[in-house]
Amino acid sequence: MRIQLSDLRRAADALFDHLERTGRTEIDLTEDFYWNIPEKHLYSVYSPPPESELTVGQLSDDWNEVARIASGQRPPIAYALVWLSSLLRFIGSKLVS
């Protein structure tokens, strides 16, 4: 499967537009820490990762890094999409609309 970045951008814009149309202009991060599965195990669904390799991520850290990019204090890097994805996953799982 191949995804065009322009299609992904249009989908993201449509999703954010939807949130704004439903009156959501802010998101409360009511949780902070989450389980993180190391990339080497993330897509190996037929062999679960050892518990000893699970790590903890933190939404507030992810947001701080993403916010620094948004404000121009930090240059954008591709890995920042991982931080952004943690935030989007939280938002998507908490909001129903």
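Q: Leaving aside its neighbours within four places in sequence, which residues is Val66 in contact with?
A: This is a predicted model, where local features need pLDDT of at least 70, side-chain atom pairs count only at pLDDT 80 or more, and totals for chains, interfaces and linings use all residues. Residues are numbered from 1 along each chain as its sequence is written, and side-chain values use heavy atoms, with hydrogens and water left out. Contact means heavy atoms within 4.5 Å. With neighbours within four places set aside, the partners of Val66 are Ala80, Trp83, Leu84 and Leu87.

Q: Which residues make up the largest nonpolar core?
A: A nonpolar core joins buried Ala, Val, Leu, Ile, Met, Phe, Trp, Tyr and Cys residues through side-chain atoms within 4.5 Å. Buried means under 20% relative accessible area, exposed means over 50%, and partly exposed lies in between (1.4 Å probe, protein chains only). In soluble globular proteins, nonpolar side chains tend to be buried together. Here the largest core has 8 residues: Leu19, Leu59, Val66, Ala80, Trp83, Leu87, Phe90 and Ile91.

Q: Which helix gives the most to this core?
A: Helices (H or I, at least four residues) and strands (E, at least two) are DSSP runs, numbered from the N terminus. At least two core residues come from each of helix H3 (59-70) and helix H4 (80-94). With 5 residues, the top contributor is H4.

Q: How are the rings of Tyr79 and Trp83 arranged?
A: Rings of Phe, Tyr and Trp (its six-membered ring) pair if their centres lie within 6.5 Å; planes under 30 degrees apart count as stacked, over 60 as edge-to-face and the rest as tilted. The count comes to 1 aromatic pair. Trp83 is buried, at 14% relative accessible area. The ring centres of Tyr79 and Trp83 are 5.7 Å apart and the planes stand at 80°, so the pair is edge-to-face.

Q: Is Ser86 buried or exposed?
A: Ser86 sits in helix H4. Beyond its neighbours within four places in sequence, Ser86 is in contact with Tyr34, Leu59 and Asp62. Its relative accessibility is 16%, so Ser86 counts as buried.

Q: How far apart are the closest N and O atoms of Arg10 and Asp7?
A: A salt bridge is a side-chain nitrogen of Lys or Arg within 4 Å of a carboxyl oxygen of Asp or Glu. Arg10 and Asp7 are 3 residues apart in helix H1, so about one helical turn separates them. Arg10 is exposed at 52%, whereas Asp7 is partly exposed at 39%. In their salt bridge, the closest N and O atoms are apart by 2.2 Å.

Q: What is the relative accessible area of Arg74?
A: Arg74 forms a salt bridge with Glu65. Arg74 counts as partly exposed, because its relative accessible area is 22%.

Q: Which residues make the nonpolar surface patch of about 560 Å²?
A: Patches take residues with over 30% relative accessible area and no salt bridge: like charges are joined within 9 Å, nonpolar side chains (Val, Leu, Ile, Met, Phe, Trp, Tyr) within 5 Å. Accessible areas come from the Shrake-Rupley method with a 1.4 Å probe, and for residues only the protein chains shown count as cover. Leu8, in helix H1 (residues 5-21), is partly exposed at 48%. The patch is made by Met1, Ile3, Leu5 and Leu8.
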